[in-house]
Amino acid sequence: MNRPTDESGCQPMLQSYLQDTWVTPKATPESAAGVHDAVTGDLVCHVSSQGLDLAGAFGHARRVGGPALRALSFHQRADLLDAVAAAVRARREELYALSARAGATLPDARYDVDGGIRVLRDYSARARAELPDAPILVEGPAERLARGEDFLGVHLVTPSPGLMLQVNAFNFPVWAPLEKLAQSVLAGMPTAVKPATPTAYLTAQLVRIITDADVLPPGALQLVVGSVRPALDLLGEQDVLSFTGSAATAEALRTHPNLVTRSVRFNAEADSVNAIVLAPDVTPGSPLFEAFVREVVTEMTVKAGQKCTAIRRVLVPRAHESAALDAISAGLAGVTIGNPSSDGVRMGAVVSLAQRDDVRRAVRKIAESGRFVHGDPDKVRVVDADPDRGAFLGTLLISADPDAPAPHEVEPFGPAATVLAYRDTAHATDRVVRGRGSLAASVVSDDLSWTTAFLQDVAPWHGRLHLLDSTNMAQTTGHGSPLPALRHGGPGRAGGGSEMAGTRGVVDLMQRTALQASPRLLNTLHAAPPSPGGESL
């Protein structure tokens, strides 16, 4: 991984990448956070931001990285994304190998790494197809503002002279920074990435791959390993804080005094108790019922259930509860758990022992109103690993009272889901809404009238609805897969933010300004070159 080791032979102190240089923090192993292998429990590295010049790094992004990006057209920025994608693809095997240390199987790693590469390429293609070969965007058509034709109004979209600070979760250490990087680069905005500590070594290697390739302008990409709490006071009116993580942390960030005082743009994608709803028309044993079961099992086991979009609540008609519990349990019984590098292992460990303990607490809380139907939070059989040293959990299926609060409030961020039996459509709708806002929900039904009525009631509480029926079940991209073309985010508990959504996500990072001017001036803007200083106008 090209990380420095100290003279005592201790595990390396993970470096940050600031002002185009790799920097070692001024910390000792005793004062830094230790990061451990999720499978073996061995120490991987130490993490700290002690002594890092964050003010200098942010200034470098604004003075050097921003002007360099703003001097380019949208199409030239798209070229940068293609170059980053090629660099990461050429060395992705390194990221696969490191992902195993975080508990990920090879399919899990590909979901993260290859998914990030695809987002870069998707955004590159969209920029060329939907945005002009110019540094700015004029949104039209022009509005006539007076009786004559010589006073018109349009909206001008220009890059902001600030930076994006990414604060990311541990579960997608490659896809998340690349997804946000794609939009920030196209928007002409440099980015500083703050990875979650448990998988910071993976994001650090990603950044090293990109910087080794020398494909981005100086100052366009920086990495801050460790705490960035002091950096929150360095953000200003033209900056963006893009956060992915828990709802509790999102709440604390949203009310940070500096962010409030300076109106720093804040985008949050937080945890949520996502649901899948089996409609009354779907009978057990039917192909659509089997597709429903596959969705649940997949969402519980991919990345050991550590996805912000994973299914946590499984709503089924009361008449089909037993059949659903039996079918899902049978699907989970065939999942082999253990060392993700071993043949035949389908699910690895969660990211850390602390995460394993968090999941155990969460499922026990939910099970107070029900019972474990499949799995035991304290027992798991694993292949080629020590279950006491590794952060292993078995798949955990709970049957609980749908009227109890815990299933709708507590998220077990791991391989767990809760089956809730509903009485009628109104009961199902009310239970789904009790999640108080989610990133995604699935509805499984061939009854078009039922689905149409149901989605109108639940859509305001969701960022994305995945509607599965017999005509599309063989082509679905899956409940838990965010797509670059579609919005990723959700209302309420899910953070109220929005990412991706095609080029709309790029424009959202830029400044939209209403212009009132003559047609003569407006016509010049469509082909406006960048200024010598890198500004758009």
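Visitor: How many nonpolar, polar and charged residues does the lining of the largest pocket have?
Guide: The model is predicted, with local features needing pLDDT of at least 70 and side-chain atom pairs counting only at pLDDT 80 or more, while totals for chains, interfaces and linings use all residues. Residues are numbered from 1 along each chain as its sequence is written, and side-chain values use heavy atoms, with hydrogens and water left out. If Ala, Val, Leu, Ile, Met, Phe, Trp, Tyr, Cys and Pro are taken as nonpolar, Asp, Glu, Lys and Arg as charged, and the others, Gly among them, as polar, the lining of the largest pocket has 16 nonpolar, 11 polar and 6 charged residues.

Visitor: Which residues lie nearest the centre of the largest pocket?
Guide: A pocket is an open set of points on a 1 Å grid over the protein atoms alone, with protein on both sides within 12 Å along at least five of seven lines, and lining residues have an atom within 4 Å of a point. The space in the largest pocket comes to about 860 Å³, a volume being what is filled by probe spheres set on points joined across faces, edges and corners. Of the 33 residues in its lining, those nearest the centre are Phe243, Thr244, Gly245, Ser246 and Thr249.

Visitor: Which element gives the largest share of the lining of the largest pocket?
Guide: Helices (H or I, at least four residues) and strands (E, at least two) are DSSP runs numbered from the N terminus. At least two lining residues come from each of strand S10 (240-245), helix H7 (247-254), strand S11 (265-270) and helix H11 (353-367). The largest share, 4 residues, is that of H11.

Visitor: Which helix gives the most to the lining of the second largest pocket?
Guide: The second largest pocket, with a volume of about 350 Å³, is lined by 23 residues, and Tyr111, Gly115, Trp175, Ser481 and Pro482 lie nearest its centre. Two or more lining residues are given by helix H4 (106-130) and by helix H5 (175-186). With 5 residues, the helix that gives the most is H4.

Visitor: Is H4 roughly parallel or roughly antiparallel to H5?
Guide: The axes of H4 and H5, lines fitted to C-alpha atoms over the stretch in contact, are 8 Å apart, and the two helices pack at an angle of about 15°. Angles run from 0 to 180 degrees between N-to-C directions, and those under 35 degrees count as roughly parallel, over 145 as roughly antiparallel, 65 to 115 as roughly perpendicular and the rest as oblique. The angle therefore makes the relation of H4 to H5 roughly parallel.

Visitor: How does H2 run relative to H4, roughly parallel or roughly antiparallel?
Guide: Helix H2 (residues 74-90) and H4 have axes that come within 8 Å and cross at roughly 160°. That crossing angle makes H2, relative to H4, roughly antiparallel.

Visitor: What is the bridge partner of Glu139 in S6?
Guide: S5 pairs with strand S6 (residues 152-158) in the antiparallel sense, over 5 bridges. Within S6, the bridge partner of Glu139 is His155.

How values were computed:
On a 1 Å grid over the protein atoms alone, a cavity is a set of points where a 1.4 Å probe fits but cannot get out, and a pocket is an open set with protein on both sides within 12 Å along at least five of seven lines; lining residues have an atom within 4 Å of a point. Two strands pair if DSSP finds at least two bridges between them.
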